[in-house]
Amino acid sequence: MDDNKNVEEKVSLITRNLQEILGEDRLRPILEERDLVIYWGTATTGKPHVAYFVPMSKIADFLKAGSEVTILFADLHAYLDNMKAPWELLELRTQYYEHVIKAMLESIGVPIEKLKFVRGTDYQLSRKYTLDVYKLSSVVTQHDAKKAGAEVVKQVEHPLLSGLLYPGLQALDEEYLKVDAQFGGIDQRKIFTFAEKYLPALGYAKRIHLMNPMVPGLTGGKMSSSEEESKIDLLDKKEDVKKKLKRAFCEPGNVENNGVLSFVKHVLFPLHGEFVVMRDEKWGGSKTYIEYDELEKDFSDQSVHPGDLKSSVEIALNKLLDPIRKKFQTPEMQKLTRAAYPEPTKQQKGASKGSTAENDEIVPSRLDIRVGRIVSVERHPDADSLYVEKVDLGEAQPRTVVSGLVQYISAEELQNRDVVMLCNLKPQKMRGIESQAMLLCASVEGEKRKVEPLNPPGGSAPGERVFVEGYENGTADDELKPKKKVFEKLQVDFKISDDCTAQWQQKNFMTKLGTITCKSLKGGNIS
């Protein structure tokens, strides 16, 4: 009876706060015989930020449950994912990750001597592993490999073969690390289902997959190393933490996509078992919460003010960050940080770069414009003037696009139509539905406004790149930053010529098959 209770306690610790578990039916039988063996992997790419405390606190749960835990520094994966970590920096970044992850674990009281740390290149370059990669590539379809990596591997116009290998290597890691379960974020789900499908094809067992929810960033979307405003770095100074939290999305009463509340739920409560909202006596004084649900209810009811929540999280977060900051103040650690993440060199004029951090030149090659095919059109459920379209852009899944075209063009005319899409604007919600791209149209103002979607050349394929003459070789930004207004500055010079060709500064928009046109709106604008 005690053994059963012990198993239930372990199950509770292992599964609490997870969003989903694949293979949960296999969990208890293992625990009835022995402790669970789990691994968590992290690709050594951008600098870890405070959202990494979410998996760290879950690893603490696993250890409390008596599990054997391996942390994999996936250095080879970092290189395969569109070379996010250049080969010459791979070793240095892996060293940085090892120091910073250990410092995070120590700051939350996890005994690191109970953990096993492994680098991917310790075993992924062996003869046996390499042979298994080849075996796997003989049974995996290109479609399945691309689909599996869609949420994790960086999506680019012309995918590299390395990105297709990525999911297979992650699947094989489960066998070579000899684990019962792999732990990761819900964004890893497609890779996990890929592993469940294909490992048995090589004679290997299916593993259990434990998935954390994705914690919103400070701006409300995913917290990302590549989006400065969405994250707090582990080495940020206290004044920077204060500044970033002050700007964080934390609308009164809104508990959705609230990164501040999510941090309390997934990090501070599991670590401390309570959370104290500090506030002045005239506003009711400080209050200690033992259950997260009670805090969420009080915030939803607006009896907890966003300012009090933010200042309380700031205090708790700085306590976690202080020992990490201290460790990285040593000359040795500062030298490693500079070497692993060197300051970017200034780009030469005309050089292409996938982000705007080093290149502020306003040129059309920074726009990710592609041919799209509308595969479905529906009226927006909450807005009479809007369509909700699914658009094939040559990616693993169609994108959802919201367009205000109801009064200008029928749904039947849009269905299965080839169109021109701007694909690297920051996604935004339009009456509750997130629009993930913009359908580009010609328009003429007048007594009655006229609008026509731009037309790609006949025979174009979804995903085909659209460029401006003379700017064929540039690389688009990963995402256009709203504050930079790159699109808006370029759009001023978008025009339709007298022969109905779309142009920027009298240079044609094109694909490899010809020019982009509209049906009849000569001299029109493009938006």
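**Exercise 1. State which strands helix H8 lies across and how helix H8 runs relative to S2.**

Solution. Helix H8 covers residues 161–176 and lies across S2, S3, strand S5 (181–185) and strand S6 (208–212). Its direction runs at about 150 degrees to S2. Helices (H or I, at least four residues) and strands (E, at least two) are DSSP runs, numbered from the N terminus. Axes are lines fitted to C-alpha atoms, for helices over the stretch in contact, and angles run from 0 to 180 degrees between N-to-C directions. Contact means heavy atoms within 4.5 Å.

The model is predicted: local features need pLDDT of at least 70, side-chain atom pairs count only at pLDDT 80 or more, and totals for chains, interfaces and linings use all residues. Residues are numbered from 1 along each chain as its sequence is written, and side-chain values use heavy atoms, with hydrogens and water left out.

**Exercise 2. Give the strand order of the six-stranded sheet and name the strands at its edges.**

Solution. Step one is the order: the sheet is open and reads S1-S6-S5-S2-S3-S4, with mixed pairing. Two strands pair if DSSP finds at least two bridges between them. Step two is the edges: strand S1 (20–22) and strand S4 (115–119) each have a single partner strand, so one side of each is left without a neighbour in the sheet. Step three is the twist, which averages 25 degrees from one strand to the next.

**Exercise 3. Work through the parallel pairs S3 with S4, S2 with S5, and S5 with S6, and give the number of bridges in each.**

- Strand S3 (residues 68–74) pairs with S4 in the parallel sense through five bridges; valine 69 has leucine 115 of S4 as its bridge partner.
- S2 and S5 are parallel, with three bridges; isoleucine 38 is opposite alanine 181 in S5.
- S5 and S6 are parallel too, with five bridges; glutamine 182 is opposite histidine 209 in S6.

Helix H5 (residues 90–107) also packs on this sheet, where it touches strand S2 (37–43), S3 and S4. The direction of H5 makes about 165 degrees with that of S4. As for burial, five of the five residues of S5 are buried, where buried means under 20% relative accessible area, exposed over 50%, and partly exposed in between (1.4 Å probe, protein chains only).

**Exercise 4. Locate phenylalanine 53 and list its contacts.**

Solution. Phenylalanine 53 lies in helix H3 (residues 53–64). At 0% relative accessibility, this residue counts as buried. Leaving out residues up to four places away in sequence, phenylalanine 53 touches Met104, Ser107, Ile108, Leu234, Phe263, Val267, Leu320, Leu321 and Ile324. For one of these, serine 107, the separation along the chain is 54 residues, while the C-alpha atoms are 9.9 Å apart.

The next step is the core. A nonpolar core is a set of buried Ala, Val, Leu, Ile, Met, Phe, Trp, Tyr and Cys residues joined through side-chain atoms within 4.5 Å. The largest one has 71 residues, and Phe53 is among the members that touch the most others, together with Ile59, Ile101, Leu210, Leu295 and Leu309. A separate second core has 33 residues, including Leu90, Val118, Val133 and Val153.

**Exercise 5. Describe the packing of H10 on H13 and classify the residues in contact.**

Solution. Helix H10 (residues 238–247) and helix H13 (residues 306–327) pack at about 145 degrees, with axes 10 Å apart. From H10, the contact uses Lys238, Val241, Lys242, Leu245, Lys246 and Arg247. From H13, the residues are Lys310, Val313, Glu314, Leu317, Asn318, Leu321, Asp322 and Arg325. By class, the contact has five nonpolar, one polar and eight charged residues. Here Ala, Val, Leu, Ile, Met, Phe, Trp, Tyr, Cys and Pro count as nonpolar, Asp, Glu, Lys and Arg as charged, and the others, Gly among them, as polar.

**Exercise 6. Say where lysine 178 and arginine 431 are placed, and whether each is buried or exposed.**

Solution. Most residues other than glycine have a negative phi. Lysine 178 has a positive phi of about 55 degrees and sits in the loop between H8 and S5. Lysine 178 is exposed, at 56% relative accessible area. Arginine 431 has a positive phi near 55 degrees and is placed in the loop between strand S13 (428–430) and strand S14 (433–435). Arginine 431 is exposed, at 54%.
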